[in-house]
Amino acid sequence: MIRHSKDTSESWKTLPWKKLRRNLFRLQCRVFKAVQVRDYRKAKSLQKLVLKSTSARLLAIRQVSQLNAGKKTPGIDGKASLSFEERFELSDKLKRHGSNWHHQGLREIPIPKKDGKIRILKVPILADRAWQCLAKYALEPAHEATFHERSYGFRTGRSAHDAQKILFNNLRSYCNGIEKRVIELDIEKCFDRINHSAIMDRLIAPLSIRQGIFRCLKSGVNPEFPEQGTPQGGVVSPLLANIALNGIEDIHQSVRYADDMVIILKPKDNAEKILDKISHFLAERGMKVSQQKTKLTATTDGFDFLGWHFKVQSNGKFRCTPSVENFKAFRQKAKAIVNNSNYGATVKAEKLAPVVRGWRNYHRFCRMDGSRFSLWHVNNRTFKVFNKETKLDRHTAIKLVEKAFPKVPYSENKHVNVKGKKSPFDGDITYWSQRNSKLYEGETSIALKRQNHICGYCGLKTLSDEKVHLHHVDGNHNNWKPKNLLAVHESCHDYIHMKQSES
């Protein structure tokens with residue numbers, strides 16, 4: 001039993017997070033292994049333990065209130081954050097009502113799509129998000145044991161780069177990619193049209209979780225389609241979509257990332273028959289193929305997928321570059337920062353650096369030669385603006401531009417894919433911690449290897465469920481000596497700086 005004092009924030013910060021994570025992970029591994037051997041009765045019994053677990057509750061609250069990207073987005077109650085006292089109160093509420101959870105309404109946020117249409121993001125309140133995260137802790141290991149190995153979207157330990165490498169493996173010259181075609185599959189309003197029964201029939205969960213998930217689905221329904229849709233914006237929604245779509249990969253050689261899918265055809269394959277099978281598969285789940293956006297394309301003509309443009313050249317060589325739309329969106333972000341007159345060149349450089357680093361990191365396994373993707377033109381334009389705005393000398397302007405455009409090495413098609421059906425819940429901590437270390441470059445990667453893939457603050461292995469930050473021990477961000485650099489979890493990094501600011 002974890003005791004806490006609600007009068008002080010220190011009680012939350014000093015909770016034994018290392019022990020809590022270990023407790024939850026041990027339970028999740030047991031759920032995974034039970035489903036692997038098809039002992040569903042044992043799996044459901046263990047899932048009930050996850051739902052009742054103090055460790056899982058506290059970690060779920062921390063995840064939605066401190067770690068998730070949308071942690072500051074309020075629901076219909078207008079609450080964008082929780083005080084330390086409110087976190088403990090929510091933990092008590094989850095303990096009392098977790099097995100019979102009722103969801104509140106969702107806040108609707110319209111988001112414009114590329115084709116000019118509007119997508120509605122439906123945001124639950126923080127308490128509902130915490131319950132969904134708790135349910136996800138129980139559901140995810142069970143379904144990870146059943147998911148297809150070529151499904152990469154919104155899965156722990158898998159990424160878009162795995163999907164990118166699958167296309168390279170199937171379309172390179174060694175595999176006669178020049179003779180192949182692809183079907184760029186688009187599912188019409190996937191998240192809005194998934195049939196609730198398609199999810200519920202395939203859900204591996206005890207009654208308490210099934211009941212909560214059903215209420216979650218019903219809380220975000222469109223009145224026109226009361227039996228369809230999973231709310232985009234919910235913590236558990238991507239997992240539910242993966243549950244409904246699992247098995248579509250068995251129809252034909254393909255790669256799937258959530259609802260985006262590319263089907264690879266050999267010269268003799270019949271595209272119409274394959275599409276008919278896929279249409280039948282989707283119809284059973286309340287969805288259908290978008291006739292407008294689904295295309296049959298020769299690999300030599302090139303196609304876009306996940307922000308990349310894939311093409312087999314006339315000499316048979318496979319090429320992957322950032323797509324035109326992706327590059328345009330990045331350039332607009334950079335332009336908005338550079339042309340903003342509300343702050344000076346130094347602040348602009350600080351704001352631009354993570355945008356550039358993130359874009360370059362995402363495309364680090366692409367072909368990035370040439371002035372376009374080396375960002376020479378964007379770099380040159382930024383220098384002119386900085387040089388004009390700042391009253392400092394030319395040398396200082398150059399230094400600021402270098403800071404705004406950090407170098408990220410690229411190695412075309414060198415990503416190493418996840419081995420087969422391996423899962424972070426299979427208990428092979430060494431494999432997953434070492435693999436996670438490879439996702440980082442430069443000093444962060446060196447620090448992780450030096451620390452044997454262990455967080456320098458909490459002592460836990462650096463698995464893929466949380467980002468790794470580089471901490472400067474003496475607080476001096478210009479001191480890059482190895483002894484001053486510590487690889488730590490994102491949440492651990494937050495706590496270190498909290499303690500420093502308090503002292």
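In this predicted model, Arg-256 counts as buried because its relative accessibility is 1%, and its side chain meets that of Glu-249 in a salt bridge with an N to O distance of 2.6 Å. Glu-249 likewise counts as buried, at 1% relative accessibility. The structure holds 11 salt bridges, and among them is one between Asp-426 and Lys-422, whose closest N and O atoms are 2.9 Å apart; Asp-426 and Lys-422 are both buried.

A further salt bridge joins Glu-412 to Arg-367, with 3.6 Å between the closest N and O atoms. This pair links distant parts of the chain, 45 residues apart, since Glu-412 lies in the loop between helix 17 and helix 18 and Arg-367 in the loop between helix 14 and helix 15. Glu-412 is partly exposed, with a relative accessible area of 21%, and Arg-367 is partly exposed at 30%. Through shared partners, salt bridges connect Arg-319, Arg-367, Asp-369 and Glu-412 into one network.

An open sheet of 4 strands is arranged in the order 4-5-3-6 with antiparallel pairing. Strand 4 (254-257) and strand 6 (295-298) each have a single partner strand, so one side of each is left without a neighbour in the sheet. Strand 3 (residues 181-186) pairs with strand 6 over 4 bridges in the antiparallel sense, and Glu-184 has Lys-295 of strand 6 as its bridge partner. Helix 12 (residues 271-283) lies across strand 3, strand 5 and strand 6, running at about 25 degrees to strand 3.

Helix 6 is mostly covered, with 18 of its 19 residues buried, and bends by about 30 degrees at Tyr-137, which is followed within four residues by Pro-141.

Key. Residues are numbered from 1 along each chain as its sequence is written. This is a predicted model: local features need pLDDT of at least 70, side-chain atom pairs count only at pLDDT 80 or more; totals for chains, interfaces and linings use all residues. Side-chain values use heavy atoms; hydrogens and water are left out. The bend at a residue is the angle between axes fitted to the seven residues ending there and the seven starting there. Helices (H or I, at least four residues) and strands (E, at least two) are DSSP runs, numbered from the N terminus. Buried means under 20% relative accessible area, exposed over 50%, partly exposed in between (1.4 Å probe, protein chains only). Two strands pair if DSSP finds at least two bridges between them. Contact means heavy atoms within 4.5 Å. Axes are lines fitted to C-alpha atoms, for helices over the stretch in contact, and angles run from 0 to 180 degrees between N-to-C directions. A salt bridge is a side-chain nitrogen of Lys or Arg within 4 Å of a carboxyl oxygen of Asp or Glu.
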